[in-house]
Amino acid sequence: MVHPLHERAAVSGIGETVYTRGTSKSGLALQFEASLKAIADAGLSPRDIDGIIPYFPGGAIAEDYVANLGLPDLKLSVFVPMGGATCVAALQTAAMAVATGVCRHVLISVGRTGYSGARASERLLQFPQFALAGEFEAPIGIFAPAQLYAPGARRHMELYGTTPRHLAEIAVVTRQHAILNGNAVMTKPLTVEEHHASRMISDPFRLFDCSLESDGGAAIIVSAAEAARDLAKPRVSIMGVAEGHPDSPASIAQRPDLLEFGLVKAAPRAFGMAGVTPADIDVAEIYDCFTFTVINQLENLGFCKKGEGGPFVMDGRIALGGALPINTHGGLLSQGHVVGLNHIIELTRQLRGEGGRAQVKDAEIGLVTGYGDMGDGSLAIMRRAA
Amino acid sequence: MSAAVITPDRPLPKPTRESQAFWDGLREGRFMIQHCMACGRPRHYPRPVCPHCWSMESDFREAPLTGRIHTWTVCHHAFNFAFKQATPYLVALADMDAGVRVNAPLHGVAEADLRIGLPVRLSFEAATPEITLPCLAAV
């Protein structure tokens with residue numbers, strides 16, 4: 001039976017600001033700049049937007065959109081509280097809204113001054129989901145994402161022999177892709193030696209295993225499949241989408257298996273809805289808050305067996321021209337940190353054939369993931385619709 | 001007028017109605033873990049409902065101080081000025097014999113000697129007159 005959300009929604013518009021470290025603009029202004037670009041990219045008027053899913057906390061909320069864009073009849077205002085998994089999980093929420101006829105054009109957006117404003121360790125403790133981490137982990141010196149996720153990476157290395165060389169491969173390849181993209185914070189090539197020589201942040205994460213704190217905005221429009229058909233750009237159809245929540249979602253420390261993210265639960269559902277398998281994926285944009293997070297997700301998604309993610313990423317497999325090009329825009333590690341909305345934007349570009357110098361040849365079906373909030377996961381499988 | 005000395009505040013737990021007994025235990029030098037009164041299973045961090053049988057009746061029982069290392073990290077970058085002087089500091093996650101995990105600073109083990117399964121013992125470190133934090137040491 002075809003799932004009621006299969007191919008019922010499409011990404012119809014994408015927009016992003018320049019990604020920088022340092023800005024005179026507010027997160028709010030960056031978010032609206034990207035939103036107006038996405039609306040224009042779709043060939044829509046701002047007044048066509050009838051659903052808003054903004055990244056939260058931080059940045060614009062639906063009330064700001066009504067006030068700034070003069071929206072005449074907003075029908076849906078939703079927060080998806082999943083940290084880095086928010087944007088891709090919001091694709092599912094948006095797909096539900098347009099497939100049921102509640103909305104026609106839902107806007108998902110992020111605006112953040114991650115470099116110029118509050119930093120990650122400060123932002124996190126504002127999340128209600130981090131109350132337990134704040135009570136039991138922050139007092140013993142574990143509160144930044146690098147510190148929360150490093151123990152899982154260390155355990156993977158001890159159990160399966162994953163090495164710093166494997167982690168470096170993700171950083172080096174992602175940097176190459178960022179340089180091809182052009183709109184990226186990081187502009188110089190990175191070598192394995194430079195990765196290994198970068199300062200230790202929280203063992204085993206070195207500086208170049210960590211994503212950027214950057215300033216920027218990003219936005220996409222999700223439209224009902226039939227409403228997207230006659231818009232300005234080729235519609236990129238959502239074949240399958242799902243979110244998943246790990247056991248012990250508010251404490252990694254108490255999770256039975258630290259290496260099983262919510263993605264373990266979400267992936268079979270999204271692949272089932274899409275009617276494809278990992279072997280069908282031509283390009284993958286994998287949420288890369290840390291290098292290791294990519295390896296773990298590849299395992300959770302079923303691209304390789306548990307413990308084999310390190311060797312899997314080697315030998316050019318994840319670079320352009322390889323069997324599974326990953327993070328063709330430079331990701332959070334080298335392009336910019338807009339909570340992974342840039343990953344959805346890049347996948348849309350790839351499937352439209354707008355990938356420029358980083359275009360994956362004959363990319364027909366692609367995958368994007370979100371990961372965050374201490375293990376929440378989300379994924380979408382998309383293709384260019386006929 | 002002399003310049004004010006700025007001392008960064010160390011983040012400290014704010015005990016809740018759920019967790020007060022755990023923190024009271026640490027202050028008294030006892031490792032008190034919440035147990036379901038219906039099915040007997042332990043749970044941590046403290047919360048109102050047993051996820052196994054949904055009973056809301058629970059009590060806190062003194063648990064053994066022994067456990068084994070599950071994994072760890074060595075924090076080199078402080079992220080918070082309160083921890084700047086302590087870097088690099090080692091934090092281990094231990095599988096306690098009580099059936100729950102504890103995340104705490106680990107003392108007395110060289111980084112090269114760390115391994116999964118290493119036996120550890122929980123002890124108590126007073127941070128303020130009200131709050132005592134857990135710490136771990138190799139057995």
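In which order do the three strands of the open sheet in chain B lie?

## Sheet of chain B

The order is β2-β1-β3, and the pairing is antiparallel. Strands here are DSSP runs of E with at least two residues, numbered from the N terminus, and two strands pair if DSSP finds at least two bridges between them. The edges are formed by β2 (42–43) and β3 (58–62) of chain B, each of which pairs on one side only.

Strand β1(B), residues 32–36, is joined to β2(B) by two bridges, and these strands run antiparallel. In this pairing B:Arg43 of β2(B) stands opposite B:Gln34.

## Basis of the model

This is a predicted model, in which local features need pLDDT of at least 70, side-chain atom pairs count only at pLDDT 80 or more, and totals for chains, interfaces and linings use all residues. Residues are numbered from 1 along each chain as its sequence is written, while chains are lettered from A and ligands numbered from 1 in the order in which they are written.

## Strand β4 of chain A

Strand β4(A) spans residues 105–113 and is mostly covered, with nine of its nine residues buried (20 or more other C-beta atoms within 10 Å of the residue's own, with C-beta atoms placed from the backbone). A:His105, A:Leu107, A:Ser109, A:Gly111 and A:Thr113 point one way, whereas A:Val106, A:Ile108, A:Val110 and A:Arg112 point the other way.

## Partners of β4(A)

Strand β2(A), residues 51–54, runs parallel to β4(A) and is joined to it by four bridges; A:Gly51 has A:Val106 as its bridge partner. Strand β7(A), residues 215–224, runs antiparallel to β4(A), with nine bridges between them. Here A:Gly217 of β7(A) stands opposite A:Gly111.

Key
A residue is buried if 20 or more other C-beta atoms lie within 10 Å of its own, exposed if 12 or fewer, and partly exposed in between; C-beta atoms are placed from the backbone.
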